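Me: I have just opened this entry and would like a guided tour. Could you begin with the terms and then move on to the structure itself?

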Amino acid sequence: MFAAMDRGDRWIREKAAASINPPQVENTLAQLSEKWPATAPSFVDIIEQFPLGEAALLHLLAVSSSCSARLIRNPETLSLAPSA
């Protein structure tokens, strides 16, 4: 369990570091991963395979604290995005 959490934390830090607002993206991804429903598809897969592109989603999280807050309140919204 600890090793999996460490990998998740590292993944979050790497994604955040590549963004234009690392603290906000790291905080949002960390909170989303904590609240992610156990029955939903993998959190990492959802982010990496986001229909509009991972970069677009991470940019949105970096520039919009209101979108980040809404996703944190309702993380399952990410798994409802239509396929491209």
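Reply: Contact means heavy atoms within 4.5 Å. Among contacts in the protein chain between residues at least 6 apart in sequence, 62% join residues at least 24 apart. This is a predicted model, in which local features need pLDDT of at least 70 and side-chain atom pairs count only at pLDDT 80 or more, while totals for chains, interfaces and linings use all residues. Residues are numbered from 1 along each chain as its sequence is written, and side-chain values use heavy atoms, with hydrogens and water left out.

Me: How many helices and strands does the protein chain have?

Reply: There are five helices and zero strands. Helices (H or I, at least four residues) and strands (E, at least two) are DSSP runs, numbered from the N terminus.

Me: What percentage of the residues is buried?

Reply: Of the 84 residues in the protein chain, 29% are buried. Buried means under 20% relative accessible area, exposed means over 50%, and partly exposed lies in between (1.4 Å probe, protein chains only).

Me: Let us turn to α4. Which of its residues are buried?

Reply: In α4, which spans residues 54-63, the buried residues are L57, L58, L61 and A62. Seen down the axis of α4, they fall within an arc of 140°, so they line one face of the helix. The arc is that of the directions from the helix axis to the C-beta atoms. On the face turned away from the buried side, α4 carries the exposed residues A55 and V63.

Me: Why would residues a few places apart point the same way?

Reply: An α-helix has 3.6 residues a turn, so residues three or four places apart point the same way.

Me: V63 is interesting. What does it make with I20 and L60?

Reply: Together, I20, L60 and V63 make a nonpolar surface patch of about 280 Å². Patches are made of residues with over 30% relative accessible area and no salt bridge; like charges are joined within 9 Å, and nonpolar side chains (Val, Leu, Ile, Met, Phe, Trp, Tyr) within 5 Å.

Me: How many salt bridges are there in the whole structure?

Reply: The search finds one salt bridge, meaning a side-chain nitrogen of Lys or Arg within 4 Å of a carboxyl oxygen of Asp or Glu. K15 forms it with E54, and their closest N and O atoms are 2.6 Å apart. K15 lies in helix α1 and E54 in helix α4, so the pair ties together parts that are 39 residues apart in sequence.

Me: Now α5. What do its buried residues pack against?

Reply: They pack against α2 (22-35) and α4. In α5 (residues 65-73), the buried residues are S68, L71 and I72. Seen down the axis of α5, these fall within an arc of 100°, so they line one face of the helix. The exposed residues R70 and R73 are on the face turned away from that buried side.

Me: Is S19 buried or exposed?

Reply: S19 counts as buried, at 15% relative accessibility. S19 sits in the loop between α1 (2-17) and α2. Leaving aside neighbours within four places in sequence, S19 is in contact with V25 and A62.

Me: Finally, where does S79 lie?

Reply: S79 lies in the segment after α5.

Definitions and conventions
Areas by Shrake-Rupley, 256 points an atom, 1.4 Å probe, with all protein chains shown as cover.
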